[in-house]
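Okay, thanks for coming, everyone. Let me put the structure up and then talk you through a few places in it.

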Amino acid sequence: MQLTGDRFTSETAQLGNDISTLPNFPAEIRAPAGTLPGVSSFQVHFADYDILTPGDAPNVLVAMNPAALKANLADLPRGADIIVNTDEFTRRNLAKVGYQASPLDDGSLDGYVLHPVALTSMTVGALAEHDVSKKDAERAKNMFALGLLSWMYSRPYESTIRFLERKFAARPELVAANTAAFKAGWNFGETTEDFAVRYEVKPAKMNPGTYRNITGNAALSLGLVAAGVRSGLPVFLGAYPITPASDILHELSKHKRFGVTTMQAEDEIAAIGAALGASYGGALGVTTTSGPGVALKGETISLAVALELPLVIVDVQRAGPSTGMPTKTEQADLNMALFGRHGEAPVAVVAPRSPSDCFFAALEAARIALTHRTPVILLSDNYVANGSEPWLLPDVESLPDLRVEFATEPNGEDGKSFLPYLRDPATLARPWAIPGTPGLEHRIGGLEKADKTGDISYDPANHDFMVRTRAARIEAIRVPDVEVEDPDSDARVLVLGWGSTYGPIGAACRGLRQRGLPVAQAHLRHLAPLPANLGEVLARYERVVIPEMNLGQLAHVIRARYLVDAIGYNQVRGLPFTATELETMLEEVVKNA
């Protein structure tokens, strides 16, 4: 189903529609077929105008078996189209999900437009003349369904045929079979009288330029590649495979020609140790993981704080605690990113708001790390990591200049000594000296350093000074002011978000404004340090609402720092907010403000 959804998305992107997707799949490699925990779904929302979410209520559901129908039926509005694979609605499969009788026959689907299609048997029949086994023929039913949907929504299909030719290049019989199954589905839609309507969604009005469809993990990977090119530094990724961050390792491994080196380490601790070592050696060190891995990396992040070296830690958040729900989304690692280390060990924290924004967030994380010699935690999550949208390819020359100057000469007053902790007065960053540079030998390690000289120090006053200086270095980071979307400047309620809640919040606020209810929206990319104007922005509004996929972690920070009685709206269901639920909640707040 993920492949089918991806191909439909690619066809739609090629046509020029705006798109937002929500892949949703089990954590198990081979989840039990036909069971509710084993349901894999792919939701896509496309339109001829700007859209912000994968949609709250799908207009069409393709249910390949009873489990898929039962798992997704509650999301459909009355009158939606349901295409069901009748071959799978056997007594055994119905019993697996608790159906006493077939919903196709008991009247429970009377409020929907039901399209019974024998997908499996029709696919096998269409491939009867092809040299493939019955099992391979049955597997091609997804291509039959894709062909039917492509006809139903007037999608171009040439890219899918080319994809099949590439994917099965070593087995021409599978290319022919899957192509035949796809065309059979298309022709079924063309000839059957069961579908009264065929849709045509025109291209969206977008800024001119070259676009590509991109997922958050792919965009983040390309952002790291771009950071290496714009800084002139080699990029080193030390990573241990973990859902949902593994795709970044897979993608970066393809870009050796841009000076990217990837290492799959034996564990999370080794991965970040190698990345920090690479930074010490003059590279842009990066490590990728999810929440459980960040917990294991905590000591080395603290070491990077003490060493004051650039390091980018990518946390693609997932539902926890512990192993939790590996393939479901959550925003519950914010507290760990801000405070989850021993001692006073502040780091910068950046969060992308959408799949394409992951590219620019990665560049920003690299900028901060390189400029201020600090670890930076990049907080993505499963929703933006696996979701996709059109991305306007940027002009390379417009990307920030990230070049750094390494220390090459002694900097002491005597002109002979090297002071590894003598700081830049603007950024409070210390010099970055590549090991082996003559005359710049200096001590490293986790023990407290003396100011300027970097010698080991247990002096109480020095420790207090260094702790405060490291904190001041983070606060000295220049980040853009937070922007507020308040079209008529008459809103009394501000909705403040961070990370992947941007789309649902934006869609909810748009819906309220269209109904004449004023509401303002602001979204944080930088969570440490916070934008300098945030306090002034919060003070302008009578109510501040903070929707989060956690139990109120940003709300706690806002209350503590700005003494604002923020209203938290929280859920931890492993799914993103829907725009409808936020709009309903915000309507009550706006009317009572």
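Before anything else, when I say two residues touch, or are in contact, I mean they have heavy atoms within 4.5 Å. Two caveats, quickly. This is a predicted model, where local features need pLDDT of at least 70, side-chain atom pairs count only at pLDDT 80 or more, and totals for chains, interfaces and linings use all residues. Residues are numbered from 1 along each chain as its sequence is written, and side-chain values use heavy atoms, with hydrogens and water left out.

So, let's start with Gly147. What does Gly147 touch, not counting residues up to four places away in sequence? The answer is Phe182, Gly185 and Trp186. Gly147 sits in helix α6, residues 141–152; helices here are DSSP runs of H or I, at least four residues, strands are runs of E, at least two, and both are numbered from the N terminus. Gly147 is buried, at 0% relative accessibility. Buried means under 20% relative accessible area, exposed means over 50%, and partly exposed is in between, with a 1.4 Å probe and protein chains only. From Gly147 to Thr329, 182 residues along the chain, the C-alpha atoms are 30 Å apart.

Now zoom out. The protein chain has 20 helices and 19 strands. Its radius of gyration is 27 Å, close to the 25 Å from the globule rule for 593 residues, so the chain is as compact as a globular protein of that length. That radius is taken over C-alpha atoms, and the rule is 2.2 Å times the number of residues to the power 0.38. Buried residues make up 56% of the 593. Of the contacts between residues at least 6 apart in sequence, 76% join residues at least 24 apart.

On to the sheets. Strands of a sheet pair through backbone hydrogen bonds, either parallel or antiparallel. I call two strands paired if DSSP finds at least two bridges between them. There's an open sheet of five strands, in the order β14-β16-β15-β18-β19, with mixed pairing. Which strands stand at the edges? Those are β14 (484–485) and β19 (567–570), each with a single partner strand, so one side of each has no neighbour in the sheet. β18, residues 543–548, runs parallel to β19, joined by four bridges, and Glu548 has Asn570 in β19 as its bridge partner.

Elsewhere, β1 (18–24) and β2 run antiparallel with seven bridges, and Leu22 is opposite Gln43 in β2. Five of the seven residues of β2 (41–47) are buried, so β2 is largely enclosed by the rest of the structure.

The Gly320 to Pro321 peptide bond is cis, omega near 5°, and Pro321 is in the loop between β10 (311–317) and α13. That loop also holds Ser322, which isn't a glycine but has a positive phi of about 55°. Is Ser322 buried or exposed? Exposed, with 64% relative accessible area. Arg373 has a positive phi too, near 50°, but Arg373 counts as buried, at 10%.
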